[in-house]
Amino acid sequence: MYFIWYLLIGLAAGWLANLIVKGSGAGLLVNLIVGILGGILGGWVLSLIGWVPVGTLGSLATAVIGALLLLWIAALISRRKHAETRK
């Protein structure tokens, strides 16, 4: 049961992160993947600074923060690759 709940939180986090960065709408599967990976990344990063999420809203906030970090890193990498191909 918890697995389905984590999938739903990951889907919501990926969708919210996509809205925040004003993405073009990557689709359900990509939002789910970004949200789940964002939850892992966010949990790791926030644990480094000593914040531990509690409850559903804490998990959602952590996943959104991680998803935003993930999208930011992906944008940096894609810009770097795009700049290299222009040279």
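How much of the chain over residues 28-51 is helix and how much is strand, and how far apart are the end C-alpha atoms? The span is 88% helix and 0% strand, with its end C-alpha atoms 29 Å apart.

This is a predicted model, in which local features need pLDDT of at least 70, side-chain atom pairs count only at pLDDT 80 or more, and totals for chains, interfaces and linings use all residues. Residues are numbered from 1 along each chain as its sequence is written, and side-chain values use heavy atoms, with hydrogens and water left out.

**Figure 1. Fold of the protein chain.** The chain contains 3 helices and 0 strands, arranged along the sequence as α-α-α. Helices (H or I, at least four residues) and strands (E, at least two) are DSSP runs, numbered from the N terminus. Of the contacts with a separation of 6 or more, 64% join residues 24 or more positions apart; a contact means heavy atoms within 4.5 Å.

**Figure 2. Spans annotated as transmembrane.** An unreviewed UniProt entry assigns the feature "transmembrane region" to residues 6-21, 28-51 and 57-77. UniProt positions follow the numbering used here, feature names are shortened, and annotations may be inferred rather than shown by experiment. Residues 57-77 are 100% helix and 0% strand, and their end C-alpha atoms lie 30 Å apart.

**Figure 3. The largest pocket.** The volume of the largest pocket is about 220 Å³. Its lining comprises Phe 3, Tyr 6, Leu 7, Ile 9, Gly 10, Gly 35, Ile 36, Gly 39, Pro 53, Ser 59, Thr 62 and Ala 63. Two or more of the lining residues come from each of α1 (2-20), α2 (28-48) and α3 (55-86), and α1 supplies the largest share, 5 residues. By class, the lining has 7 nonpolar, 5 polar and no charged residues; Ala, Val, Leu, Ile, Met, Phe, Trp, Tyr, Cys and Pro count as nonpolar, Asp, Glu, Lys and Arg as charged, and the others, Gly among them, as polar. On a 1 Å grid over the protein atoms alone, a pocket is an open set of points where a 1.4 Å probe fits, with protein on both sides within 12 Å along at least five of seven lines, and lining residues have an atom within 4 Å of a point. Grid points are joined across faces, edges and corners, and a volume is the space filled by probe spheres set on the points.

Figure 4. Trp 72 belongs to helix α3 and is exposed, with a relative accessible area of 53%. Buried means under 20% relative accessible area, exposed over 50%, and partly exposed in between (1.4 Å probe, protein chains only). The C-alpha atoms of Trp 72 and Val 21 are separated by 8.8 Å, although these residues are 51 residues apart along the chain.
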